[in-house]
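Q: Could you walk me through this model before I set anything up?

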Amino acid sequence: VRHGQGIVRLSFPRSTKTFAIHTDLLCAHSKFFRRKFQPRRQDIEGNCPICHGGLDLNIQDITFCNSCGGNFHLGCINQWRRQPTEGGPAPCPLCRQKWSEHKLHQRASLRELSAASFEIYYDWLYTRLITRYGDGEDLGFSKRELAVLDIFQAYDIGIQVEDERFCTEVVDTIVKLAIGGSAVRGRYLATLHDECATSRLE
């Protein structure tokens with residue numbers, strides 16, 4: 001599985017934890033991070049304008065034009081730019097603007113998010129599993145209850161980073177963990193379902 005060449009290192013003001021994550025993977029899922037790191041990029045879908053082959057981050061490295069946001073296979077655009085032109089390397093084949101290289105390494109400090117909750121999202125991006133458990137057994141919680149509490153926090157992260165697919169999977173996981181739970185928990189789950197449905201409509 002390929003996730004692109006760029007890496008962003010995320011830190012959190014109230015935590016010593018940092019996360020190194022592939023920028024393309026992060027921005028392909030999260031509207032919040034796309035606005036922060038790739039604001040002009042178009043959705044990664046359809047075909048490469050050069051070879052007309054499908055654009056799939058899991059198969060080939062994909063890059064984009066900083067001017068128009070168009071996506072290309074990295075190998076295709078590199079070959080395209082090696083074509084001789086009067087003004088130097090060939091410009092973007094879509095907008096004809098000068099091609100500018102992307103920063104492969106970026107850093108950001110996130111005041112908006114919690115490091116502990118973001119870890120659940122980070123793990124999901126790479127494994128598609130939501131499995132984090134809390135450390136509150138001394139408070140009398142069962143492992144199932146701890147898992148539900150952790151995943152409630154994960155849902156909040158999903159809303160903040162604006163990842164609809166993650167939110168949907170979090171709700172599904174909460175439902176599985178909370179079967180047989182209290183009526184209060186059931187009402188909370190219903191609220192989460194309603195919020196997720198509303199976000200899909202928006």
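Q: What should I know about the model and its numbering first?
A: This is a predicted model, in which local features need pLDDT of at least 70 and side-chain atom pairs count only at pLDDT 80 or more, while totals for chains, interfaces and linings use all residues. Residues are numbered from 1 along each chain as its sequence is written, and side-chain values use heavy atoms, with hydrogens and water left out.

Q: How many disulfides does a search of the whole structure find?
A: The search finds 0 disulfides, a disulfide being a pair of cysteine sulfur atoms within 2.5 Å. Cys-51 is in none, and its nearest cysteine sulfur, that of Cys-76, is 3.7 Å away. Cys-92 is likewise in no disulfide, with the sulfur of Cys-65 as the nearest cysteine sulfur at 3.7 Å.

Q: And is Cys-92 buried or exposed?
A: Cys-92 counts as buried, because its relative accessibility is 0%; buried means under 20% relative accessible area, exposed over 50%, and partly exposed in between, using a 1.4 Å probe and protein chains only. Cys-51 is partly exposed, at 39%.

Q: Switching topic, where does Arg-41 lie?
A: Arg-41 lies in the loop between α2 (31-37) and β3 (62-64), where helices (H or I, at least four residues) and strands (E, at least two) are DSSP runs numbered from the N terminus. Arg-41 counts as buried at 5% relative accessibility.

Q: Which side chain does it make a polar contact with?
A: The side chain of Arg-41 makes that contact with the side chain of Asn-71, at 2.6 Å. A polar contact is a pair of N or O atoms within 3.5 Å; within protein, one must be able to donate a hydrogen and the other to accept it, and residues adjacent in sequence count only if both atoms are side-chain atoms.

Q: Which residues touch the most other members of the largest nonpolar core?
A: Of its 32 residues, they are Leu-10, Leu-26, Phe-33, Leu-113 and Tyr-121; a nonpolar core is a set of buried Ala, Val, Leu, Ile, Met, Phe, Trp, Tyr and Cys residues joined through side-chain atoms within 4.5 Å. A second, separate core of 11 residues includes Leu-55, Ile-62, Cys-76 and Trp-99.

Q: Last one: which residues of helix α3 are buried?
A: In α3 (residues 74-81) the buried residues are Leu-74, Cys-76, Ile-77 and Arg-81. They fall within an arc of 165° seen down the axis of α3, so they line one face of the helix, the arc being that of the directions from the helix axis to the C-beta atoms.
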